[in-house]
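Me: I've got a model open and want to go through some side-chain pairs and surface features. Can you take a look with me?

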Amino acid sequence: MTRSDLAVVILAAGQGTRMRSRLPKVLHTLGGVPLIGHVLRTAAELEPAHTVTVVRHQRDRVEEAVRELDPNTLIADQDEIAGTGRALEVGLAVLPDHFEGVVVVLSGDVPLLDSPTVSRLVAEHRAAQNQLTLLSASYADPTGFGRIVRDSEGAVRAIVEQKDASEDELRIHEINAGVYAFDAATIRRLLGGIGTDNSQGEKYLTDAVRLITIEGGRIEAVQVTDPWLVQGINDRVQLSDAATEYNRRLIEDWQRRGVTVHDAASTTIERDVTLGQDVELLPGTQLRGATSIADGAIIGPDTTLVDCEVGEDAVVKRTDATLSVIGARATVGPWSYLRPNSIVGEDGKVGTFVETKNATIGRGSKVPHLSYIGDTTVGEESNVGAGTITANYDGVNKHRTTVGDHVRSGSHNVFVAPVTIGDGAYTGAGTVVRKDVPAGALAINVAPQRNIEGWVATNRAGTAAADAAARAAGVTSHEEEENGTPQ
């Protein structure tokens, strides 16, 4: 249920220079989702009446991503005035004038923060009737973070940024996590009084603490015991560390739901993946995008599935597949490559060194090895011989091959599309099929074999092959010389 008295403002205007990237920081991915996507999901789970994302650096690119992730999000543009205080000020400006209630401020580069933690922040803010409630954490090394300054009674009196902190303040280990719950009326009124008189010339949102304190307002800092929840991403090292931790948590969650993971260190599971019970993931498995694995399937080792669907009890090993469907009890691999729109039916098989693309392999049908099957439909219970290629491209257009039910094709076939192999038909080894094969027919086009006796001795004299042929015939080179046989 939407909370009419709750709004969320996400700060995503920063350039993120320490990422050293052409990509905006908040669009770098973690668990297959942009950083801002994690924050937008957390915001949505709070069910606010309004969500605002504040943008500036590469604003069009960030806005496009935000609207794709959450079309209902409002966009606010930060101007040339720098700082988190100014970011919130422009964010509040796009909210309805009549909005009253709680404004939650989130950072677009803090992806592991979950909605239960923010909900607790909001609940405590309301229960205590605070003007400001914020999240804090204790770090053994707080370098780079703003410090929470408390008085002798433990009340929050200030937040001091690293560059403005005194020696005593730098020794404080409690840091500001950059997550706030404000009384809307209070913060609207106070933001106009925050200046830029500091070492960075920015309008600090944290200065609101000082102003609220002067007015005698209530401020509370709620500590989180899990520092990862409030870990921001400023460079690629932090991104990597957070991705590792996020993946570890996802794997642990799936393990508790009944998934076997043989080697968590070499297994990747992205956020939108779904897994059934008794799924078994072998080392080197990467499950990405919206991949879905049904009960009892075995995936890996050394397998990457992107946006794939795998049926019950299927086995997929040493395979790279994208946008493909693998049916129940089907087997795929090793060394298979399933390109988009590949479908392997129930009990089907795609084997060693087989590539498929825009192809449907019917129930119980098999493409065991060394084949390319593109733009093709294979019926049920058919067997495609080793080394078969569907020649689907004429240099201008792609064409489709249709193979019927219970077809048996020989090894080293080429099906030149468009062509149809009828139900129950056979094709001989080495056949190039250029025209349709009727149901129940045998297609062959191999010329009769000719053996030219003595060809090697005549045309490859003096080679190892000629000597081997001579030995097989029981004739030595000395005898050949005596008999005048050409060398």
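Me: Which residue forms a salt bridge with Arg189, and how far apart are the closest N and O atoms?
Reply: Glu215 is the partner, with the closest N and O atoms 2.5 Å apart. Keep in mind that this is a predicted model.

Me: Where do Arg189 and Glu215 lie?
Reply: Arg189 is in helix H6, residues 184-191. Glu215 is in the loop between helix H7 (207-214) and strand E11 (219-223). The parts are 26 residues apart in sequence, so the pair ties them together.

Me: Is Arg189 buried or partly exposed? And Glu215, buried or partly exposed?
Reply: Arg189 is partly exposed, at 48% relative accessible area. Glu215 is partly exposed too, at 46%.

Me: How many salt bridges are there in the whole structure?
Reply: A search finds 30.

Me: Which residues are linked in a network?
Reply: Asp226, Glu245, Arg248, Arg249, Glu252 and Arg256 are linked by salt bridges.

Me: Switching to Arg59. Which side chain does Asp60 meet in a salt bridge?
Reply: That of Arg59, at 2.8 Å, N to O. Arg59 also bridges to Asp77, at 2.8 Å.

Me: What does the pair of Arg59 and Asp77 tie together?
Reply: Arg59 sits in helix H2 (residues 59-69) and Asp77 in strand E5 (residues 74-77).

Me: How accessible is Asp60? What about Arg59 and Asp77?
Reply: Asp60 is exposed, because its 55% relative accessibility is over the 50% cut-off. Arg59 counts as partly exposed at 22%. Asp77 is partly exposed at 42%.

Me: New topic. Where does UniProt place the "active site" feature?
Reply: At His369, in an unreviewed entry. His369 lies in strand E28.

Me: Is His369 buried or partly exposed?
Reply: Partly exposed, with a relative accessible area of 36%.

Me: What is His369 in contact with, leaving aside neighbours within four places in sequence?
Reply: Thr352, Phe353, Val354, Ala386 and Gly387.

Me: Back to Phe353. Which residues make the nonpolar surface patch?
Reply: Trp335, Phe353 and Leu370 make the patch, about 360 Å² of it.

Me: Where is Leu370 found, and is Leu370 buried or exposed?
Reply: Leu370 is in strand E28, residues 366-378. Leu370 is exposed, with a relative accessible area of 54%.

Definitions and conventions: Residues numbered from 1 in each chain as written. Predicted model: local features only at pLDDT ≥ 70, side-chain atom pairs only at ≥ 80, totals over all residues. Heavy atoms only, no water. Patch = residues over 30% accessible without salt bridge, like charges linked within 9 Å, V, L, I, M, F, W, Y side chains within 5 Å. Areas by Shrake-Rupley, 256 points an atom, 1.4 Å probe, with all protein chains shown as cover. Salt bridge = Lys/Arg side-chain N within 4 Å of Asp/Glu carboxyl O. Helix = DSSP H or I, 4+ residues; strand = E, 2+ residues; numbered from the N terminus. Buried < 20%, exposed > 50% of the residue type's maximum accessible area, 1.4 Å probe, protein only. UniProt positions renumbered as here; feature names shortened; annotations may be inferred. Contact = heavy atoms within 4.5 Å.
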